[in-house]
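My entries follow in the order in which I looked things up.

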Amino acid sequence: MTSEVIETPVLIVGGGPAGLTASVLLSRHGVDSLLIDKRLDGSPLPRARGMHSRALEILRVCGVEPDLRAVELPITPGAQWRADLTSTPLREDVPSAGHTTVSPCEGLAVSQDVFEAVLRNHAHGFTCAQLRLGVLLESFRTVGDGVQATVVEQASDRRFEVRARWMIAADGARSGVRAQLRIAMNGPDDLGQQTMIAFRADLSALTGPRPRGIYFLTATGAALIWTHTDDRWVISQPGLVAADPATVVRRVLGLGDLPLDVLATSPWTAAAQSAARYAQGPVFLAGDAAHRFPPAGATGVSAAIHDVHNLAWKIAAVVHRYGGEKLLDSYATEREPVGRRNADETGAAWTRIFSGNGAPFSGRSLAQIDMGYQYTSPVIVGDGSPNTDPPGADYQQTATPGCRAPHLWLADGTSTIDLFDQRFVLLTAPPGHAWRHAAALCTGVPVDSHIMTEPQWPDLYGVAPDGAVLVRPDGHVAWRSPTTSTDPVADIRTALTTSTGRRRVPSST
Ligand SMILES: Cc1cc2nc3c(=O)[nH]c(=O)nc-3n(C[C@H](O)[C@H](O)[C@H](O)COP(=O)(O)OP(=O)(O)OC[C@H]3O[C@@H](n4cnc5c(N)ncnc54)[C@H](O)[C@@H]3O)c2cc1C
């Protein structure tokens with residue numbers, strides 16, 4: 001029997017990286033939501049130990065980045081190969097200078113449990129977000145154009161009914177929502193079993209105060225990762241570990257008498273899969289519920305954040321009545337190919353690492369995987385430019401429609417990335433003032449205009465100084481005009497109509 005009925009526009013199932021980011025983004029857009037997670041606290045295991053520039057850009061705009069930087073692990077970026085931890089390094093892989101020229105944000109080393117705690121604090125900070133932890137989604141059905149769910153508060157065994165217009169299934173790799181909707185996963189589901197052992201030990205004599213991002217210990221095939229400043233580490237060891245985990249850790253490290261505490265042991269299976277559908281009616285899959293990547297390149301958390309960043313503003317646009325239902329359809333159209341591409345890339349990289357066949361790396365660069373995906377959908381106004389994301393590509397910033405709008409430092413020390421938040425943004429240089437005037441006449445869609453005075457802007461964005469670029473709230477280019485127009489009002493109105501999935505955007509002329 002259910003007693004309490006909760007009505008909310010958006011029910012978010014899962015309080016991992018995808019669900020928590022969705023909660024923060026929806027709140028920033030002024031959309032009420034209810035997030036439930038069956039756990040009272042976050043992930044008990046460190047799991048992911050980092051995220052890349054694009055996710056950080058999103059969290060920077062949300063004001064979360066400074067709190068994450070405050071708990072960042074002071075690692076030495078890159079990988080090192082040793083037979084075991086006592087051996088001299090066989091090889092090192094030191095990343096190049098980073099993304100500072102193409103992004104205001106470097107990637108970040110922080111364990112997932114710490115990251116989730118920071119994000120939970122931010123999510124709690126909004127009055128329009130309800131977070132109910134220790135609450136399980138028991139069942140749901142779609143009703144009319146919404147969802148009716150039964151949820152259970154596990155401590156009291158009390159049941160509630162939730163009525164929501166939409167549901168975001170951010171319930172992880174074993175998504176019960178996805179299973180109930182009978183949405184298949186495409187791609188290999190078993191690229192090898194691993195056992196993760198979390199332990200505490202002082203390894204500083206062998207790693208120094210700033211350990212490497214990752215150590216590959218070749219005698220056993222294990223990976224060693226520093227997770228917390230208080231001497232917490234994990235190893236991930238191929239296969240299922242039957243022996244005493246402390247003995248396994250000592251063997252892998254080559255330190256037979258190392259004093260250590262084993263904190264947790266968890267088997268996991270690498271998979272490279274993407275869901276056949278990312279949406280069904282009012283239900284959207286996001287994060288690991290939509291895709292499972294092996295940790296080659298560590299892209300799982302980042303992609304979870306990218307998913308909900310694509311979705312949140314679209315839900316907000318419909319709630320605030322400036323977006324049409326077609327806009328919501330574009331979530332699956334835009335994100336599903338990215339999930340498939342990432343699964344293929346990380347699956348190939350993982351197989352290459354573990355096959356040991358020395359095949360040359362032929363995939364997209366990590367920066368391309370992270371920032372170079374290009375959306376093509378009915379809400380993007382293509383301009384006939386070539387595909388910017390072919391196999392093997394390395395990342396080059398481009399304002400081709402569908403791409404992440406390039407980063408450029410502005411005269412006031414902020415980035416173009418900081419402009420893209422809750423509204424569309426029309427960028428133009430001083431000669432393009434007619435565009436600015438035209439945008440001001442288009443009512444009904446939140447559009448800001450920004451005059452770019454930086455001389456590099458036209459080349460970087462692929463337009464003449466009297467051209468214009470329209471950027472969506474998620475920082476992807478919706479439309480661009482290479483030069484001026486005879487009827488800028490009509491052009492912008494058409495661009496806004498298409499990119500909001502509406503039939504018509506009014507203008508005050
Ligand atoms: C061993 C390991 C190492 C990894 N290393 C990396 C890495 O280095 N880098 C990286 O980017 N990624 C890594 N990942 C992947 C990363 O952990 C995931 O991509 C990430 O957690 C996905 O976030 P999510 O929010 O989609 O799902 P999850 O973090 O799995 O969150 C799902 C949440 O849903 C909740 N839930 C599930 N069912 C219900 C229900 N019925 N009712 C209520 N709540 C429910 C769960 O309690 C959970 O909190 C690793 C994963 C593993 C297992």
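**Entry 1**

I found a backbone N or O atom of G300 at 3.0 Å from an oxygen atom of the ligand. I counted such a pair as a polar contact, that is, a pair of N or O atoms within 3.5 Å. I then noted that the protein covers 88% of the 990 Å² of accessible area that the ligand has on its own; accessible areas come from the Shrake-Rupley method with a 1.4 Å probe. The model is predicted, so I recorded that local features need pLDDT of at least 70 and that side-chain atom pairs count only at pLDDT 80 or more, while totals for chains, interfaces and linings use all residues. Residues are numbered from 1 along each chain as its sequence is written, and side-chain values use heavy atoms, with hydrogens and water left out.

I looked up two further contacts. A backbone N or O atom of P17 lies 3.2 Å from an oxygen atom of the ligand. For R39, a polar side-chain atom lies 3.4 Å from a ligand oxygen atom.

**Entry 2: The shell around the ligand**

I asked how many residues surround the ligand. The number is 29, and the closest are D37, R47, Q112, L137 and D288; a residue is included if one of its heavy atoms lies within 4 Å of the ligand. I sorted the shell into 13 nonpolar, 9 polar and 7 charged residues. Here Ala, Val, Leu, Ile, Met, Phe, Trp, Tyr, Cys and Pro count as nonpolar, Asp, Glu, Lys and Arg as charged, and the others, Gly among them, as polar.

Helix 1 (17-28), strand 6 (135-143) and helix 8 (300-319) each supply at least two residues of this shell. Strand 6 gives the most, with 3 residues. Helices (H or I, at least four residues) and strands (E, at least two) are DSSP runs, numbered from the N terminus.

**Entry 3: Helix packing**

I next examined helix 1 and helix 8, whose axes come within 8 Å and cross at roughly 30 degrees. Helix 1 is therefore roughly parallel to helix 8. Axes are lines fitted to C-alpha atoms, for helices over the stretch in contact, and angles run from 0 to 180 degrees between N-to-C directions. Angles under 35 degrees count as roughly parallel, over 145 as roughly antiparallel, 65 to 115 as roughly perpendicular and the rest as oblique.

Helix 2 (residues 53-61) also packs with helix 8, at an angle of about 50 degrees and with the axes 8 Å apart. That angle makes helix 2 oblique to helix 8.

Technical notes
Polar contact = N/O pair within 3.5 Å; in protein donor to acceptor, adjacent residues only side chain to side chain.
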